[in-house]
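Me: I would like to learn how to read a model like this one, feature by feature, with the general idea before the case. Could you take me through it?

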Amino acid sequence: MTGTRPPLCLVALITGVALSACAHASYLVPEAKDLPRPSRPVAQGILQALQEREATVTTLQAVLDLTVRRGGSQEYRQEVVAIERPDLIRLESIGWGGFTSLVVLSDGHRLVAHALLQNIFVEGSATPDNVAAVTGLRVAPAHLVRLLLGLPPLSVQIEQTELYGPDDDHAYLLREQESSFTQRLWLSDNDLSLLRGELYDRTSLRLRFRYTPTGHGLHSLLLEEPLKQVAVEVSYRSYNLNPELPRELFEIPQPAQGAQVVDLDAGLTPLLRFP
């Protein structure tokens, strides 16, 4: 697979920007009241640009280098990933000798993982807690799909979004509250590229992320889970943007013969050995 330079660095935001205040109340981190607001024509131009960018990214195949930091420890992984919006994802962990040691699949509703060397088959609902049980990072599959494509974790809805800025750092602040989540996004006032963001649930900051330019094409991604003190740095060794992906890549398999089956929804925790 070879990388190609997507338009505007492939760092995309999405559907829209509302000029009025969000109808939802009760923010965990309220914004300052004196933050500047863009004019209506500027906001409308941003809306059109973000809508056009969102439509340019749909699928991805890539080889990823991951550095996982947890507490005082650090480990390295290599993953082969195939993703398709809105929530299809397949992750293959590559062990010694280039052999696949762990396969993780989700269709947005179910999550399965097969540790080939241990012959452990794990299944459950596609919740952030279950994802954490098999990957070490608490994030919903749909959010992870979007982040790996350079998109924010939530699709921005016009009626739920506020836009501020630009600030002294030449960045706009986009804020949206949707259901139990709130996201805050900072994007460059130069090219509207997504610089960093935060994702909150009803009680706390769940995920912090930042994109860092590393030459042409997709940017490296830093994911942080503050509550668990886990950070994952993602670099793209190679990638193919918007390929046609066969549906069988995302089909949920049956447990392998003789496999130990672990039901995540029953509160069981798999003892997986990561490569």
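This is a predicted model: local features need pLDDT of at least 70, side-chain atom pairs count only at pLDDT 80 or more; totals for chains, interfaces and linings use all residues.

Me: How many residues of helix α3 are buried?

Reply: Helix α3, which spans residues 141-148, is mostly covered, with 7 of its 8 residues buried. The buried residues in α3 are P141, H143, L144, V145, R146, L147 and L148.

Me: How should I read a salt bridge, and how many are there in this chain?

Reply: A salt bridge is a side-chain nitrogen of Lys or Arg within 4 Å of a carboxyl oxygen of Asp or Glu, and by this rule the count comes to 14. One of them joins the side chains of E31 and R184, with an N to O distance of 2.8 Å. Because E31 lies in the segment before α1 (40-54) and R184 lies in strand β9 (residues 181-188), this pair ties together parts that are 153 residues apart in sequence. Both E31 and R184 are buried, and the two belong to a network of salt bridges that links E31, R175, R184 and E198.

Me: Which residue forms a salt bridge with R69, and where do the two partners lie?

Reply: The partner of R69 is E233, the closest N and O atoms being 3.6 Å apart. R69 lies in strand β1 (residues 59-70) and E233 in strand β13, so this pair ties together parts that are 164 residues apart in sequence. R69 is partly exposed, with a relative accessible area of 31%, and E233 is also partly exposed, at 29%. A further salt bridge brings together the side chains of R77 and E75 (3.0 Å, N to O); here R77 is buried, at a relative accessible area of 7%, whereas E75 is partly exposed, at 25%.

Me: What does R247 touch, leaving aside residues up to four places away in sequence?

Reply: Contact means heavy atoms within 4.5 Å, and R247 touches E84 and L88 when residues up to four places away in sequence are not counted. The C-alpha atoms of R247 and L88 are separated by 9.8 Å, although the two residues are 159 apart along the chain. R247 is placed in the loop between β13 (230-241) and β14 (260-263), and its relative accessibility of 43% makes it partly exposed. For the chain as a whole, among contacts between residues at least 6 apart in sequence, 55% join residues at least 24 apart.

Me: How should I read the backbone angles, and where is a peptide bond cis?

Reply: Most residues other than glycine have a negative phi, and most peptide bonds are trans. In this model the peptide bond from R85 to P86 is cis, with omega near 10 degrees, and P86 is found in the loop between β2 (73-84) and β3 (88-94). The bond from G165 to P166 is cis as well, with omega near 5 degrees, and P166 lies in the loop between β7 and β8.

Me: What is the phi of Q229, and is Q229 buried or exposed?

Reply: Q229, although not a glycine, has a positive phi of about 55 degrees. Q229 lies in the loop between β12 (220-225) and β13, and is exposed, with a relative accessible area of 60%.

Technical notes. Residues are numbered from 1 along each chain as its sequence is written. Side-chain values use heavy atoms; hydrogens and water are left out. Helices (H or I, at least four residues) and strands (E, at least two) are DSSP runs, numbered from the N terminus. Buried means under 20% relative accessible area, exposed over 50%, partly exposed in between (1.4 Å probe, protein chains only).
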